[in-house]
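Here are some notes to read alongside the model. Please keep the sequence and the 3D view open while going through the points.

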Amino acid sequence: MTPTNTIRVESPLPEDLRVFLTVIRKSSFAGAADELGLSPAFVSKRIRILEEALQTRLLHRSTRRIALTEAGEKTQRWATRFLDDMDDFVSELTEIRQAPRGLLHICSSFGFGRNHVAPAIAELSSTYPDLEVRLDVFDRVVDIVAEGFDLEIRVGDDLPGHHIGRKLVSNQRVLCATPDYLERRGTPLSLKNLAQHDCLVLKERNNPFGVWQLNHVDGDETVRVSSRLSSNNGEIVLQWALSGRGIILRSLWDVQPLLDQGKLVRVLPAYTQSANVWAVYPTRLSDSAKLRVCVEFLENRFKKMVLMG
């Protein structure tokens with residue numbers, strides 16, 4: 001068989017199609033150039049490039065008027081349809097980026113998710129009725145991309161390097177116990193004294209079990225603690241502490257009201273553990289209105305809670 005010869009037509013640039021339609025509408029290269037803020041020579045060049053790309057003549061030129069060829073009439077119809085569709089497409093994408101709507105899948109840890117993220121999400125939902133939010137809580141490390149989450153709210157600075165993180169609010173964990181426990185067992189005066197105390201251990205996510213990494217003005221220190229009581233649920237550990245069963249390392253977000261009421265007392269107050277609250281997400285905030293609105297809403301709400309507290 002004899003191979004069939006085909007003419008390869010290059011795809012025209014949208015910018016050149018816009019120049020072409022402007023020339024037709026103004027019936028003049030000079031008029032099109034004036035409207036587009038270009039030189040007549042540049043407009044003429046773009047029309048020539050468009051004709052070369054389509055391998056056909058689009059315009060009959062004379063000193064008095066510009067007329068469309070048969071190919072030019074077809075190009076005008078298709079260019080108008082194509083550019084209108086392109087404008088609608090861009091407008092729709094812009095609207096998606098600006099208007100929060102659709103499903104937002106969020107995850108967080110058990111305690112913080114239940115006590116702090118959930119109430120904030122309820123407020124977010126009432127503020128943006130077109131936004132549908134699902135909140136899941138875990139006691140394990142979550143791969144937000146593989147598991148289909150848009151956003152993770154996490155406590156602690158051990159952030160995954162392959163995602164984007166934004167600190168929502170500063171926070172820290174502190175050592176504390178009930179007054180009756182300290183009266184009964186004595187108040188520890190150094191980290192070494194913790195070895196003689198009952199420390200209530202929380203096994204959460206991938207944190208090392210029974211190891212407390214603490215911050216001090218003179219440098220960070222690590223202490224290994226042990227206890228007959230441990231759990232993967234922070235609320236359970238807090239209940240044990242309130243019943244006088246030992247010393248806990250717990251977020252100020254959870255224990256500050258109890259400290260203010262005198263139900264708990266700070267132990268070794270010079271030592272703390274960073275527990276900042278972060279939003280972690282796999283895509284830029286500018287690419288998703290629902291994600292951007294949620295992160296900014298949580299940031300403002302959490303910071304107001306700190307100021308009010």
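1. Among contacts in the protein chain between residues at least 6 apart in sequence, what percentage join residues at least 24 apart? The figure is 74%. Note that this is a predicted model.

2. The protein chain has nine helices and 15 strands. Of its 309 residues, 40% are buried. Its accessible surface is about 17600 Å², and carbon and sulfur atoms account for 51% of that.

3. Nonpolar side chains tend to be buried together in soluble globular proteins. Here the largest nonpolar core holds 24 residues. L151, I153, L168, C294, V295, L298 and F302 have the most contacts inside this core. Elements giving two or more residues to it include β3 (102-109), α5 (110-127) and β5 (151-155). Helix α9 (289-308) is also among them, and α9 gives the most, with seven residues.

4. Leaving out residues up to four places away in sequence, C294 touches L104, I106, I121, L124 and L151. There is also a second, separate core of 18 residues, with V23, L59, I66 and A79 among them.

5. Two packed helices are described by the angle between their axes and the distance between the axes. For α2 (residues 29-36) and α3 (residues 40-54), the angle is about 105° and the axes are 8 Å apart. The two helices, α2 and α3, are therefore roughly perpendicular to each other.

6. On the α2 side, F29, A30, A32 and A33 meet P40, V43, S44 and I47 of α3. By class, this contact has seven nonpolar residues, one polar and no charged ones.

How values were computed: Residues numbered from 1 in each chain as written. Predicted model: local features only at pLDDT ≥ 70, side-chain atom pairs only at ≥ 80, totals over all residues. Heavy atoms only, no water. Axes fitted to C-alpha atoms, helices over the stretch in contact; angles between N-to-C directions. Helix = DSSP H or I, 4+ residues; strand = E, 2+ residues; numbered from the N terminus. Parallel < 35°, antiparallel > 145°, perpendicular 65-115°, else oblique. Contact = heavy atoms within 4.5 Å. Nonpolar A, V, L, I, M, F, W, Y, C, P; charged D, E, K, R; others polar. Core = buried A, V, L, I, M, F, W, Y, C linked by side-chain atoms within 4.5 Å. Buried < 20%, exposed > 50% of the residue type's maximum accessible area, 1.4 Å probe, protein only. Areas by Shrake-Rupley, 256 points an atom, 1.4 Å probe, with all protein chains shown as cover.
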